[in-house]
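What follows is a short tour of one protein model. Look over the sequence and the structure, then read on.

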Amino acid sequence: MTDACDLIVIGAGPAGLASATLAAELGLSVVAIDEQGTPGGQIYRNVEAVDRAEFEPILGEEYFAGAELAEKFRAAGVDYRAGVAVWRVDPDGSMAWSDGEKAGVAKGRRIIAATGAMERPMPIPGWTLPGVMAAGAAQTLLKSAGMAPRGRVVIAGSGPLMLLVAQQLHAAEAEIVAVVDTTRFGAWFKAAPHVPRAFRASDQLAKGSAMINRVRAIGAQVYWWAHSIEAKGRGKLESVAFTASGAAREIEADMLLLHEGVVPNTQLTRQVGCDHEWYPVQRYWRPVVDHWGATSVETLAVAGDGGGIFGAEAAAIAGRLAALDAAFRLGAIDEAMRDDQAKTLRQDYHRATALRPMLDRLYAPDPKAVAPADDATLVCRCEEITAGDIREAVRLGATGPNQLKAFTRCGMGPCQGRMCGLAVSEVIAAERGRPVEEVGYYRIRPPLKPVTLAELAAMED
Ligand SMILES: Cc1cc2nc3c(=O)[nH]c(=O)nc-3n(C[C@H](O)[C@H](O)[C@H](O)COP(=O)(O)OP(=O)(O)OC[C@H]3O[C@@H](n4cnc5c(N)ncnc54)[C@H](O)[C@@H]3O)c2cc1C
């Protein structure tokens, strides 16, 4: 690993690939690090290896747009470190990494965090049963290993990614028996004022409606306005219970795929000490950034979905804007050149994000669904802490997630609160009758990712 360079880019999804490529083309020495083995991030995962003839009918033409991004990235002279996880970042631009065998430290004059999004945790009764998983995780298996679930599959939740996964799994010959849509009836009214702006991205709008039609054509039973979803079974999933359009239902199933949208992965920006803000529409936290992606930490910028969910096209553009700003700050280009090159990018960004205000309101999560009503539902899977345990700790005096750690060890397991953080804050806020932004979020400390003693022992310095 290069010990020192101009720019470290963490993440090789669309944002990281685009920013590292442009920064290298502008003359910066760039190290790009990603824990995945190949470039692509979530949307273009494994795109270099997937056989186009076989998988285009399943994953769609859009997936293969990532191949061009990856090709340009490979050609740009970036020092690319695949299969390397970043587990600590410091405000002076240094960061600690591990690759499964050893750990080390690298230092950049500037860092762009392009660490992307993760699926919102959806703690429902029975979500830890074998046979229940996140819809995005099923898609990950499809992209990385060509695997599709067998048996009767139910997909439940809300949002464009859920519809896309339903369609992709159907194309991969999975038997989708039901789509249980939790989008709320009233959401259409909240989204309506944002429809005119959405027409600026008419291509995306057309793709969205085509996707809805394709999901209808799957032939699965679609249940609207669903809530109170439960995974049921002894030792493994046997059925899915829910209420839809006012009626209680129960469907036999072998696999339940859950999805309530994606949220920024803020573990890294929190650990390094960036300021964050609560975005009430989508009920997630995001780092506070300026229009170059610069954060409150002088050396660190954020690009892509890690700064707020805007999609892959916007992520790549944001990556280029952050790269221009890095090149300016590090003296490779002057301010006039930065601003000049940014002009077209900003127009493209505006168009690429035009759909988002409508989508955010249409697929706004239900506050009741993100904080499980049932006391027995597990919230922190690592430490096996239930919603009831959290409520009990609040009654005993825990005011926020950090106090809760002392009461219960909630959020102190291997995932370091990544999987439960949002739900924990929601449960505490609901129990205390306070807004989530007042209750706050976990204080995130290194290591961000599990690191072994052997890796630490093999550190050179
Ligand atoms: C599971 C999942 C599946 C998705 N599938 C689709 C899809 O099919 N179509 C679509 O339009 N949108 C999809 N999205 C939304 C999608 O993530 C984005 O719009 C787009 O990929 C964002 O690009 P990005 O570059 O910001 O982040 P990402 O593409 O998420 O890339 C972030 C990269 O950072 C790396 N990373 C994160 N933390 C670390 C660390 N500590 N150390 C090293 N590397 C790190 C990750 O391995 C990842 O490769 C998906 C989201 C999720 C969560």
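## Helix α1 and its surroundings

α1 is followed by G27, whose phi is positive, near 105°. Helices (H or I, at least four residues) and strands (E, at least two) are DSSP runs, numbered from the N terminus. This is a predicted model, in which local features need pLDDT of at least 70, side-chain atom pairs count only at pLDDT 80 or more, and totals for chains, interfaces and linings use all residues. Residue numbers start from 1 along each chain as its sequence is written.

How many of the 12 residues of α1 are buried? The count is 11 of the 12, so α1 is largely enclosed by the rest of the structure. A residue is buried if 20 or more other C-beta atoms lie within 10 Å of its own, exposed if 12 or fewer, and partly exposed in between; C-beta atoms are placed from the backbone. The buried residues of α1 include P14, L17, T21 and L22. They pack against β1 (4-10), β2, α3 (65-75), β6 (103-113) and α10. Packing here rests on contact: two residues are in contact if their C-beta atoms, placed from the backbone, lie within 7 Å.

A12 is found in the loop between β1 and α1. A12 counts as buried, with 29 C-beta neighbours inside 10 Å. Leaving aside neighbours within four places in sequence, A12 is in contact with L17, A32, D34, Q36, P39 and G41. E54 is another matter: A12 and E54 are 42 residues apart in sequence and 24 Å apart in space, C-alpha to C-alpha.

## Two helices side by side

The expected span of a helix is 1.5 Å times one less than its number of residues.

| Helix | Residues | End-to-end C-alpha distance | Expected span |
|---|---|---|---|
| α16 | 12 residues | 17 Å | 16 Å |

In α16 (residues 421-432), the 17 Å reach is close to the expected value. Of its 12 residues, 10 are buried, so α16 is largely enclosed by the rest of the structure. Among them are L422, V424, E426 and I428. Just after α16, G433 takes a positive phi of about 70°.

## The ligand

Which residues are closest to the ligand? They are G13, G41, G116, G136 and G304, out of 37 residues that surround the ligand. A residue is near a molecule if its C-beta atom, placed from the backbone, lies within 6 Å of it. Several elements each supply at least two residues of this shell, including α1 (14-25), β2 (30-34), α4 (135-145) and α10 (312-329). By class, the shell has 18 nonpolar, 14 polar and 5 charged residues. Ala, Val, Leu, Ile, Met, Phe, Trp, Tyr, Cys and Pro count as nonpolar, Asp, Glu, Lys and Arg as charged, and the others, Gly among them, as polar.

Domain 1 (4-118 + 263-333) and domain 2 (121-260) both give residues to the shell, so the ligand lies between them.

## Domains and the whole chain

The domain assignment also gives domain 3 (371-439). Such bounds come from an automatic or database domain assignment. The centres of domain 2 and domain 3, taken over C-alpha atoms, are separated by 26 Å. Their contact takes 5 residues from domain 2 and 11 residues from domain 3. On the domain 2 side, 4 of these are nonpolar, 1 is polar and none is charged.

The protein chain has 18 helices and 21 strands. Its radius of gyration is 22 Å, close to the 23 Å of the globule rule for 461 residues, so the chain is as compact as a globular protein of that length. That radius is taken over C-alpha atoms; the rule is 2.2 Å times the number of residues to the power 0.38. Of the 461 residues, 54% count as buried.

Most residues other than glycine have a negative phi, and most peptide bonds are trans. N46 has a positive phi of about 65° although it is not a glycine. N46 lies in the loop between β2 and α2 (52-59). N46 is buried, with 21 other C-beta atoms within 10 Å. W225 also has a positive phi, about 50°. W225 is partly exposed, with 15 other C-beta atoms within 10 Å. The peptide bond from P446 to P447 is cis, with omega near 5°.
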